[in-house]
Amino acid sequence: MSKKVVFISGAGGQTGQSLFRQCLEEPDYQAIGIVRSETSKQALLDAGGIPDPSCIQVADVTDREAIQKVVDQYSDNVAAFCICTSAKPAPTGETNEETGRPVFGFPNGDPEVVDWEGQKNQIDACPDGTHVVVCSTMGGTDPNHPLNNLGRIQNEDGSFSGGNIVKWKRKTEVYLMEQEKLVYTIVHPGGLVNEPRRERRVVAGVDDDVTIGTDSRTVPREDIAHAMLEAVKNRDAYAGRSFDLRAAPKEGR
């Protein structure tokens, strides 16, 4: 029996790469990592541990036809599509004159394009019955979340444009939940940190409640990747679920 295909977009990023590599170790699945460029693909290959270059596909998720073309190659055997793409804030080198703080932008694409249009393209490309597992973010219950200010600029007419990354991620979540022919699981991580998996106790919650289990607001990327893989492996248990994940400090285990 042929292995079921699991797509992992954003496989060139930190969380996506962790999930991609964990999925490659699963004997029942054929992991297909999706990266934005040939440069990202080569970087993954150079890092080692990739059994076959064909398990990395190049497609810009903001290009609807490109992502559809990748999925169509495996459309008869798709089990899950894990979305790990995201606009990534970075300092622009400028300073806000009023606050004195660094100004942030999104060099890999504005959140509206990456976190809404790009993620919608991925959802729309999935065959009926696909389990779509999304790495989103905490903060969706707060329309005034500070992350929404990153990359936001005031125009000459006084209006604002850009930014709103949490709002666009939330819009994608709502869209996904409305797709009756797909199965969804949405993971809301706290602040992502680069720490080993299973060294901190992971705490689940809902609705951005940070008072339960731990007052920590961070979680290792590798633990989030592992949770997404568990969702893929246990589809029925995770179907239709949306939850937050944070991790207690090591001494709180």
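How much space lies in the largest pocket? About 1200 Å³. This is a predicted model; local features need pLDDT of at least 70, side-chain atom pairs count only at pLDDT 80 or more, and totals for chains, interfaces and linings use all residues. Residues are numbered from 1 along each chain as its sequence is written, and side-chain values use heavy atoms, with hydrogens and water left out.

**Largest pocket**
- A pocket is an open set of points on a 1 Å grid where a 1.4 Å probe fits, with protein on both sides within 12 Å along at least five of seven lines; lining residues have an atom within 4 Å of a point.
- Its lining has 44 residues; Ser86, Ala87, Lys88, Leu192 and Arg221 lie nearest the centre.
- Helix 1, strand 2 (29-35), helix 5 (165-177) and strand 11 (191-193) each supply at least two lining residues. Helices (H or I, at least four residues) and strands (E, at least two) are DSSP runs, numbered from the N terminus.

**Helix 1 and helix 6**
- The axes of helix 1 (residues 14-24) and helix 6 (residues 221-233) come within 8 Å and cross at roughly 50 degrees. Axes are lines fitted to C-alpha atoms over the stretch in contact, and angles run from 0 to 180 degrees between N-to-C directions.
- The contact (heavy atoms within 4.5 Å) involves residues including Ser18 and Leu19 of helix 1 and Arg221 and Ala225 of helix 6.

**Helix 3 and helix 4**
- Helix 3 (residues 64-72) packs on helix 4 (residues 111-125) at about 35 degrees, with axes 9 Å apart.
- Among the contact residues are Ile67 and Val71 of helix 3, and Asn121 and Ala125 of helix 4.

Terms used: Points joined across faces, edges and corners; volume = space filled by probe spheres on them.
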